[in-house]
Amino acid sequence: MSQTAAAAAAAAHNVFVYGSLLADDVVRVLLNRVPPSSAALLNNFHRFSIKGRVYPAILPVQNSHVTGRVLLGLTDPELLILDEFEDVEYQRTSVEVSLLENSDKLQTQAYVWSNTNDPNLYGEWDFEEWKQLHKESFTKMTMGFMEELELPEAKPRVATYETFYQQNSGN
């Protein structure tokens, strides 16, 4: 392996995703590509629905687990885009997942909900339901977020989300 390839591999990031980023369309809008990924399980966490939001949150919960996938080989700039997208509502945290194809353990990053005592968290978030009801509008909101991100006075993702869904609530 060349020094540049080794440096690139060392700089690569793996991120466990479990909500809207399970949709290739959303990932493609954010990163301009769909990185290789592997199905994975995050133990001792739970994926909650959030009152008034179409995306989920995860928090540590004993004897629970979250299925998702690990996006492999993200660059520093791509990780920064995800940080901006996840905004202050989430804390990027190092976690260990089990890959479903071979049960190997992998250290990865995941976006964990910042407010551990949030009264708006409830139940279990359902990706299949999200795909049917919200994927199309969420992908459009994500396109708006990326356009905003390129502006010098970029709005945080939460503001883009709230503005988008207020404008479209009449539909």
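A residue counts as buried when its relative accessible area is under 20%, as exposed when that area is over 50%, and as partly exposed in between. Asn 44 has a relative accessible area of 31%, so this residue is partly exposed. The structure discussed here is a predicted model. The protein holds six helices and six strands, and 43% of its 171 residues count as buried. Read from the N terminus, the order of elements is α-β-α-β-β-α-β-β-β-α-α-α.

**Strand S2 and its pairing with S3**

- Asn 44 belongs to strand S2, which spans residues 37-50.
- Although Asn 44 and Ser 64 lie 20 residues apart along the chain, their C-alpha atoms are separated by 4.8 Å.
- S2 and S3 run antiparallel and are joined by 11 bridges.
- One of the bridge pairs that involve S3 links Ala 40 with Gly 68.
- The two strands S2 and S3 make a hairpin, with six residues between them.
- In the turn of that hairpin, Gly 52 adopts a positive phi of about 80°.

**Strand S1 and its two partners**

- Strand S1 covers residues 13-17 and pairs with S3, residues 57-74, in the antiparallel sense over four bridges.
- On the S3 side, Leu 71 is the bridge partner of Val 15, and Arg 69 stands opposite Val 17.
- S1 also pairs with strand S5, residues 105-113, this time in the parallel sense and over two bridges.

- S4 and S5 pair in the antiparallel sense over nine bridges, and Gln 107 in S5 is the bridge partner of Glu 96.
- S4 and S5 form a hairpin with five residues between the strands, where Ser 103 has a positive phi near 65°.
- In a regular strand, side chains alternate between the two faces of the sheet.

**Helix H3**

- Helix H3 comprises residues 76-86.
- Its buried residues are Glu 78, Leu 79, Leu 82, Phe 85 and Glu 86.
- Viewed down the axis of H3, these buried residues fall within an arc of 120°, so they line one face of the helix.
- The other side of H3 carries the exposed residues Pro 77 and Leu 80.
- Asp 87 follows H3 and has a positive phi, near 60°.

**Helix H5**

- Helix H5 runs over residues 135-149 and contains 15 residues.
- From its first C-alpha to its last, H5 reaches 20 Å, which is close to the 21 Å expected at 1.5 Å a residue.
- Phe 138, Thr 139, Met 141, Thr 142, Phe 145 and Met 146 are buried in H5.
- Seen down the axis of H5, these buried residues fall within an arc of 160°, so they line one face of the helix.
- The face of H5 turned away from the buried side bears Glu 136 and Glu 147, both exposed.
- An α-helix has 3.6 residues a turn, so residues three or four places apart point the same way.

**Helix packing**

- Two packed helices are described by the angle between their axes and the distance between the axes.
- The axes of H3 and H5 come within 11 Å and cross at roughly 115°.
- H3 and H5 are therefore roughly perpendicular to each other, and their crossing is right-handed.
- Helix H2, residues 24-31, also crosses H3 at roughly 115°, and the axes of H2 and H3 come within 10 Å.
- That angle makes H2 roughly perpendicular to H3.
- The crossing of H2 and H3 is right-handed.

Conventions: Residues are numbered from 1 along each chain as its sequence is written. This is a predicted model: local features need pLDDT of at least 70, side-chain atom pairs count only at pLDDT 80 or more; totals for chains, interfaces and linings use all residues. Side-chain values use heavy atoms; hydrogens and water are left out. The expected span of a helix is 1.5 Å times one less than its number of residues. Buried means under 20% relative accessible area, exposed over 50%, partly exposed in between (1.4 Å probe, protein chains only). The arc is that of the directions from the helix axis to the C-beta atoms. Two strands pair if DSSP finds at least two bridges between them. Axes are lines fitted to C-alpha atoms, for helices over the stretch in contact, and angles run from 0 to 180 degrees between N-to-C directions. Angles under 35 degrees count as roughly parallel, over 145 as roughly antiparallel, 65 to 115 as roughly perpendicular and the rest as oblique. A crossing is left-handed if the near helix is turned anticlockwise from the far one by less than a right angle, and right-handed if clockwise.
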